[in-house]
Amino acid sequence: MTKVFINGEFLEQEEAKVSYEDRGYVFGDGIYEYIRAYEGKLFTVKEHFERFLRSANEIGLDLNYTVDELIELVRKLLDVNGVKNGGIYIQATRGAAPREHSFPTPPVKPVLMAFTKSYDRPFEDLEKGIYAVTTEDIRWLRCDIKSLNLLGNVLAKEFAVKYNASEAIQHRGETVTEGASSNVYAIKDGKVYTHPVNNFILNGITRKVIKWISEDKNIPFIEETFTVDFLKNADEVIISSTSAEVMPVVKIDGEDVGNGNVGDVTRQLQDGFNEYIKTHSL
């Protein structure tokens, strides 16, 4: 039976419940992370929890956990559920309190919850590539916080599903920002372009890994804005996330990217990612 972690306890699924007054439920007042496990080891887990605590700080949420304590928590959860390949979802909310928009006074105890899921790597999509569509970015202006407020992302992903695509690539005006659940990269003349780190995108952990790999392989990694037109005329396009890894996009809005095949730079980045799995998993 799968165990779920809630505020210090490992509970059976049917016992894992939170209050109807939990602020994560009524306001989306909380944050989350998603961490990948490969062969029972946690990938880039330190970076994930550093970002988790940054997000908490940005919304004024004191979790009273260190990075090391959070790592040990999810490691134990992984072990008790016997997960070798899969992911760990962890979220923190401001806690349960009578419904008022302002923070509870005095503060209430935050609710920390985590669960695991077993699944394999998306080998077929990584080999052949996926289709994407473009859509206007309607999200709030603090996308750098990995918050529970994901309705804009949900609507974008549903738009992609309606057009039989795997991802929706968002743009503010003509400027490409990121995917509904991924970072986005346009590869042109051997150079990797991606939106700079600011409040319009989430600084993805896999994005950091791709930057490291690019440096290792002397592939120019250019953090500057680009347009939808630049994206559609790129030689190669990729998206990245914890679950998607380094994912090729071979068609956007029904049109081929480049020659419609996975390109050489993408393959170099995928090879580098496979090596990083070996060296950055704990």
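Is Glu-245 buried or exposed? Glu-245 is buried, because its relative accessible area is 1%, where buried means under 20% relative accessible area, exposed over 50% and partly exposed in between (1.4 Å probe, protein chains only).

This is a predicted model, in which local features need pLDDT of at least 70, side-chain atom pairs count only at pLDDT 80 or more, and totals for chains, interfaces and linings use all residues. Residues are numbered from 1 along each chain as its sequence is written, and side-chain values use heavy atoms, with hydrogens and water left out.

Side chains of opposite charge can pair when their charged atoms come close. A salt bridge here is a side-chain nitrogen of Lys or Arg within 4 Å of a carboxyl oxygen of Asp or Glu. The count by this rule is 22 salt bridges.

One of them joins Glu-245 to Arg-121, at 2.8 Å from N to O. This pair links distant parts of the chain, 124 residues apart: Glu-245 is in strand 14 (residues 245-252), and Arg-121 is in the loop between strand 6 (111-118) and helix 4 (123-128). Helices (H or I, at least four residues) and strands (E, at least two) are DSSP runs, numbered from the N terminus.

Arg-75 and Glu-72 form another salt bridge, with the closest N and O atoms 3.5 Å apart. Both residues lie in helix 3 (residues 67-80), 3 residues apart, which is about one turn of the helix. Arg-75 counts as partly exposed at 24% relative accessibility, and Glu-72 counts as partly exposed at 49%.

Finally, a network of salt bridges links Arg-54, Glu-58, Arg-142 and Asp-144.
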